[in-house]
Amino acid sequence: MADKEDLTRFGVAFPTPLIEQFDQYIEEQGYKNRSEAFRDLVRKTLLQPSALQSDQDVAGTIVMVYDHHISDLPIRLMELQHEAHHDIISNMHVHLNHDQCLEVIAVRGNLGRLRHLHQQIQVQKGVLYAELSVTYVDELNKLAHAQSRQDGNPDQSLDHHNQGAGQHGHSHHHRSAE
């Protein structure tokens, strides 16, 4: 959290019914004050995929619901994911009922590529819902890992691999004490 001197104060005018709904939301969510809730809403808005640049690296999820009885849809969705394997960390498949499946795909990569994957998924006949949700990738962490690899010090870098269901999904290598 930023120090008090880093905060900028400004006034916002709300219609009375809207501020009453906002205050109810604040109470239900457990916020201590309007400022905390407003900051979180602004952060969420700024992380909407439409608000970010296509060349940014992001991490997030693609959530979809689809009718698995639609001819070849499960196969086509699997093919799309295989084509984007470099951006997919993991996925989870849930049977919602006799006809519908929920799939959550954890992704990390270039936002433009992830938007393209999301678009390819959502236009498939039988996909009832598809949403891309992202957050920033820690650029400093990314730069540190790239530098350690350039320095020929792979023991400091993270080695990430896509693994089968039930696996941890990645391994960490650390420099041993000498």
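Visitor: On what basis are the values given?

Guide: This is a predicted model, in which local features need pLDDT of at least 70, side-chain atom pairs count only at pLDDT 80 or more, and totals for chains, interfaces and linings use all residues. Residues are numbered from 1 along each chain as its sequence is written, and side-chain values use heavy atoms, with hydrogens and water left out.

Visitor: Which element gives the largest share of the lining of the second largest pocket?

Guide: A pocket is an open set of points on a 1 Å grid over the protein atoms alone, where a 1.4 Å probe fits, with protein on both sides within 12 Å along at least five of seven lines; lining residues have an atom within 4 Å of a point. The second largest pocket holds about 520 Å³ of space, a volume being the space filled by probe spheres set on the points, which are joined across faces, edges and corners. Its lining has 16 residues, with Thr8, Phe10, Ser35, Phe38 and Arg39 closest to the centre. Helices here are DSSP runs (H or I, at least four residues), as strands are (E, at least two), numbered from the N terminus, and the largest share, 6 residues, comes from helix 2.

Visitor: How far apart in the chain are Phe10 and Phe38, which form an aromatic pair?

Guide: Rings of Phe, Tyr and Trp (its six-membered ring) pair if their centres lie within 6.5 Å; planes under 30 degrees apart count as stacked, over 60 as edge-to-face and the rest as tilted. Phe10 and Phe38 lie 6.1 Å centre to centre with 55° between the planes, so the pair is tilted. Phe10 belongs to the segment before helix 1 and Phe38 to helix 2, and their separation is 28 residues.

Visitor: Is Phe10 buried or exposed?

Guide: Buried means under 20% relative accessible area, exposed over 50%, and partly exposed in between (1.4 Å probe, protein chains only). Phe38, at 31%, is partly exposed. Phe10 has 57% relative accessibility and therefore counts as exposed.
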